[in-house]
Amino acid sequence: MKGLSQSNRQRAQLSLLLGPVTIFLAIFFFTPLLIMLIYSFLMPGLYGGVEWIFYPHNYGRILGFADPTFEFFDPVYIQIFLRSLRIAATTVIITLLVCYPAAFQISRLKENWKNFSLFLIALPFFASLIVRLFIWVLILKKTGFINSTLMSLGIISEPLDMIYTEGATILGMVYIFIPFMFLPLYASVEKLDWTLVKASQDLGANGFQTFFRVILPLTMPGIIGGSILVFIPTLGNFVVPTVLGGAKVLMLGNLIEQQFLSARNWPFGAALSMLVMTGVLVMLFIYIRSETKDGDQSPATK
Amino acid sequence: MHDKIISLDNATKRFSLPEGGKINALDAIDLEVSRNEFLTLLGPSGCGKTTLLHVISGFVQLDEGQILIDGVDMGETPPHNRPVNTVFQNYALFPHMSVGENVGYALEIAHTPKPERIKRVGEALELVGLGGYADRMPRQLSGGQQQRVALARAIIARPKLLLLDEPLSALDRNLRQSMQIELKNLQAELGISFIFVTHDQEEALTMSNRVAVLNGGVIQQIDTPLNTYNYPANSFVASFVGASNLFEGKASRDGERIHIATEHNEVIEARARKDQHINGGKVTAMLRPEQFSLADGDENRAEIDVTIDQIVFLGSAYELLGKTTGGSEIKAIISAARQSRLAEVERTKTARLSYDPNAVHLIPGTGDVQ
Ligand SMILES: Nc1ncnc2c1ncn2[C@@H]1O[C@H](COP(=O)(O)OP(=O)(O)OP(=O)(O)O)[C@@H](O)[C@H]1O
Ligand SMILES: [Mg+2]
């Protein structure tokens, strides 16, 4: 009895503590989201602003049922969508391939080297994003570090086209988002129980079999966590494609930014954002579902 | 078929320490295990038990010496190609696999067809008393059940040798005792050799055909449980296996009688055994606590006076803790049937204890005993 009333009191205290935060979140997170959702269904005004008329064709412009009176369905938006997905997916794969082995290496270092490595990985956060990206411009541009070095060594006679390509954009994304992949990966690699690896070998599995049957499944939460943390911000990022992709590599982030800041077509920008968000939410939902399914086997299933 | 399932010859392993220098985790170990033998490795923490198992299972490479499994030199053979399976100290069950998948892992790796796999998983689980648990996840099992799953997983591929690294240390006392019996039965049933690691001497004595006592990477003694207990080869074994009273001193011989005079001016009486030749010099005399009784004037027994510091009730017996007049610590176990005399001891805080000189075991001190 006493325990129960105590836990009730604790619950009351907890909601008192969490209350302000919840209200804060509700106001400053969900309200803008709601405004965006509403805007995405309103008609864009001629000189910016909105007309308060229900208007589904913001989505139509992207998905193929454009307003027949003055808009056309333009597949370019779907292309940008696909390109963004491709860049984000490539970024995820590259960061994963780099970070996965690195996480194992670092997790096996001695304590102080471990901490030092983690510090190095977090170090870029201390410098401005823009500065770090412009350094890549200096390295990649026509008269930049790589081209001038290669040309002075006589390896190439014409400068290579490196900057303002999809490749440069991906490079920038990888560069910026690598810590987001590394940290969750490292967390799951670090807590991997190595006696399980021994047990697997002891039971006759070679290195390959042990990797696919034991190590990979047990570090999967880190792989998925890191992939989500890289994929989502890459998809919406507009700074990297602006600086390293130039006019040729337009991504969703650029498109949305343009609609809000240059074209002043807020409803269309809102519709784009909503679509991106829906896509991301669907992915997260699928992930969470698959996680809880095998995490929630009650003893009753025997 | 080879007579010895495993033989280690001069097996030596050194680890370099982070603070510099090296430690001999295994120091010139010679060890043979016969077919169908239950051998226990007994020793204090850090004496090299796990290292020795790892040498056999292939996770640790020897610096010197040789290891043969069933007559075949294992040299560089990696762990997954050795006909040996291990039950790990913390069970090491794969958390992402069901009990059935855990147990069937070795068969799946060996590409055993599914119907046979399912059949053998069922049999193995039956054998450890967990029939019908195949679909559970390891975390839904109690410690004892996880232990059994680990056991089933390790025996399913029918290894020639099963290594068990302190498999019972995480279980409570009752469960541990019933598992001891089950393990022993299982070993007889399966007919494979077990090497069982423990630092619990009682466990070692109950379960094994032979006990190997290890200390500092060196095998101190390999013998039957009875001989290990009654005739320890040195004072380490004497004090590690069971409780003991050790008296180190100079031996002098008078016919059959041997007197050991200690630094504390006690004299312990012993009888010469045929297989020992003692003529004098340093020896250690060992008396188990239960070899003492309260003196009652029997001429065949030697006597010693002690002052008692503490009397501990053990249930069926009392433990007396005290000192000889010379100051050596004494531990004696007296049957609780001697109630009235014990009351007197409690009152006077002194006791005269007697022991049978024939039962005193002499451990060679500086090589005067051959
Ligand atoms: N990989 C290693 N590197 C350095 N030293 C090691 C290594 N493995 C073991 N040792 C040392 O070798 C000695 C023997 O270790 P081992 O693990 O075999 O002991 P153990 O008898 O199994 O002890 P416990 O009962 O505590 O499990 C110890 O001193 C240990 O510190
Ligand atoms: Mg150990």
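A: Cys47(B) is a place to start: its relative accessibility is 2%, so Cys47(B) counts as buried. Buried means under 20% relative accessible area, exposed means over 50%, and partly exposed lies in between, with a 1.4 Å probe and protein chains only. This is a predicted model, in which local features need pLDDT of at least 70 and side-chain atom pairs count only at pLDDT 80 or more, while totals for chains, interfaces and linings use all residues. Residues are numbered from 1 along each chain as its sequence is written, chains are lettered from A and ligands numbered from 1 in the order in which they are written, and side-chain values use heavy atoms, with hydrogens and water left out.

Now the sheet. Helices (H or I, at least four residues) and strands (E, at least two) are DSSP runs, numbered from the N terminus. Two strands pair if DSSP finds at least two bridges between them. In chain B, four strands form an open sheet in the order E2-E1-E4-E5, and their pairing is antiparallel. Strand E2 (22-34) and strand E5 (72-73) of chain B are the edges, since each pairs on one side only. Nine bridges link strand E1 (residues 4-16) of chain B to E2(B) in the antiparallel sense. Within this pair, Asn24(B) in E2(B) has Arg14(B) opposite.

Helix H1 (residues 49-57) of chain B packs on the sheet, where H1(B) touches E1, E2 and strand E4 (64-69) of chain B. Contact here means heavy atoms within 4.5 Å. The direction of H1(B) makes about 60 degrees with that of E2(B); axes are lines fitted to C-alpha atoms, for helices over the stretch in contact, and angles run from 0 to 180 degrees between N-to-C directions. Eight of the nine residues of H1(B) are buried, so the helix is mostly covered. Among them are Leu52(B), Leu53(B), Val55(B) and Ile56(B), but also Lys49(B) and His54(B). Just after H1(B) comes Gly58(B), with a positive phi of about 100 degrees.

Elsewhere in chain B, strand E9 (residues 210-215) and strand E10 (residues 218-223) run antiparallel and are joined by five bridges. Val211(B) stands opposite Asp223(B) in E10(B). E9(B) and E10(B) form a hairpin with two residues between them, and Gly216(B) in the turn has a positive phi of about 55 degrees.
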